[in-house]
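Hi,

Here is the structure I promised to pass on. Have a look at it first, and then read my notes below.

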Amino acid sequence: MAEHTTFTGFFSYASYDAKTDPGLITAFTTQLEYRINAKLANARFQIWRDEDGLRIGERWSDKIDDELRRAAVLIVLLTPRWIESEYCRKEFSVFEEVEALRGVGEYVAPILVRPIEQQERYLTSAQLDVRARIADRQYFKAIATDFLNLTEARRNAEIDKVADDIAGMIDRLRSLPRMPARSVIARRYTGRRGLREFSALAEDYAEVDFLRSSEVRVDRAKNHGERGVYAQVDFVERLYVKSSKAYIEFGIRHAILSVAAAGPGQVRKLDGFNVQDVDRAAYVSLQEFPEAVSVAMYASPTRGLAELALPPTNDNYWSQIATATAEVRADRLRAELRVSFSPYGLHIADGRSQPLSQATKRKIEAIIGVAIEKNERVGPDGRICRSVPIGERIP
Amino acid sequence: VIADNTETPARAIVETLDRLIDEGERHERASFAALVRVAGLDPAHDFIDAFLVDLDFRDEDLRGFDFSGADLSGADFRRANVAGVRFEGAILTGAIGLKRKMLVVTKTIGNRTSEPEMRIGALRIAASKPNGYATTTQLKDEMPKYVDLTVQDLASSKTRPNEAMYHQIIGNIVSHQDSRTNIFARGLAVYTGDGIQITDAGREFLRRRGF
């Protein structure tokens, strides 16, 4: 007989809602558990909820903490009372940490069973903060009064939709490789969510170029020895496009600077450059420019590429990226910069009649990211490519 | 031709954004393929190497898309029609709803293993070596340990009787064929003259694919 892995769903709810509508609790615990299990082969799912009154008072229970940290999925019965409860909000915050360590996918299933909009103006800032974080997710609407009046068949169909999504979350967990290195997944998490907040410093794409400045400098020739090749690139960290209907922010995900001698002599890689800061820059090889020394610049986990995109050498503004042989002339060097964009978030203008789901917003963000790159393309290889000015470096 | 293009093309993006919002508002679950059409993008070319993390493709008809090299981590493809969709070299960590047989587009007509599948094999071989460096001979010798080669891959080459058919693909990988998606253009490896050396970006690429 095959061994079954058991996945747990932590059921987060306000006790008051359980007393008011016990039918909801049964639907989204017992019946939901049955329906999820019906979709799984060689795995089992069970819902855990506090039935022992552990969540009384303000003291955080170790048992609750343990259950949250081993849960595969968090199921939230979203109501004004849930938002009000400090305990429920903490459950959500703790599970967000668990989710972050997985790196990809979302594992919270909020079920909106009572409207919250009318109460929003009375919420505290801490409550509004959690409200905003949970509203950013895909949620199911099962308003209690409507849901409990459905026929049994319709109600089962609604529960089955929730079950289908939770079964998908479990599928994703089963397909993920065994816990990659923590640093890798933490980086993906911050990269994905940390960038999603809007920045007051974003600049208008209609007014500014994404490239603030870029330059390559080469040491003056002396004594027939090798000379340093230095560079620096300053990007606008965040750009926005605003229309009457929406506002989207984006920035540079990664960039590659290539330098080559177009005349006599050679530009060579600098021993040790790779180990200066491998998370920020590393040598790569470009097929479309194979004779060049090319350096890729990567965005940091929490922000896009910005000023000083190349790690400065010796606390200087400039970054030494290569050496040039004595024959190289500054006016015969060729330097090019290639970039890729990444969207950070989409905001729909207030007052639009039809709110967009989070899934649709994500699709639009991704498509706009591709459209921006396509609009900017000027290189023969289909990448955004700019020539970079070159000069001599005067000591 | 490289041009200094300092004139921002924001107007076109604003118009595209508005069209996308209109389309999104028309449907409770706007289809990715429909949004792509509205944006005037080409499914067969524009989504190669695209950043498509955590997208919800459930119930979509994605036939005609090329997602080669795209980052599709966490994407949900349940009930999507992905017949013929290209995923070569795509990052699919945590992506769900893709049946193994759907991904067997990597075996080409004639049941040969594709170059993208073998590129990953080559990176894995390099990653297993000291300093991440593997010669072309090592790639040829060790590829069967990393990639499920077909009978057709292992057959003798018609033009080079001493070589198996799959050796030609390894030769292509090492000699920079297919510029847009090759491992050097994407910064995943460096050409060393007699083989490849995997970069940090290459190791990260493998980690994210679960290797």
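Two strands count as paired if DSSP finds at least two bridges between them, and strands (E, at least two residues) and helices (H or I, at least four) are DSSP runs numbered from the N terminus. Keep in mind that this is a predicted model, where local features need pLDDT of at least 70, side-chain atom pairs count only at pLDDT 80 or more, and totals for chains, interfaces and linings use all residues. Residues are numbered from 1 along each chain as its sequence is written, chains are lettered from A in the order in which they are written, and side-chain values use heavy atoms, without hydrogens and water.

Chain B first. Its strands S1 (residues 133-135) and S3 (residues 195-198) run antiparallel, with 3 bridges, and B:Thr135 sits opposite B:Gly195. S2(B) (residues 189-191) also pairs with S3(B) in the antiparallel sense; there, B:Val190 has B:Gln197 as its bridge partner. S2(B) and S3(B) make a hairpin with 3 residues between them, and B:Gly193 in the turn has a positive phi of about 105°.

A cavity is a set of points on a 1 Å grid over the protein atoms alone where a 1.4 Å probe fits but cannot get out, and lining residues have an atom within 4 Å of a point. The structure has 4 cavities of 30 Å³ or more. H8(A) gives the most, 4 residues.

Cheers

Key: 1 Å grid on protein atoms, 1.4 Å probe; cavity = no way out; pocket = protein on both sides within 12 Å on 5 of 7 lines; lining within 4 Å. Points joined across faces, edges and corners; volume = space filled by probe spheres on them.
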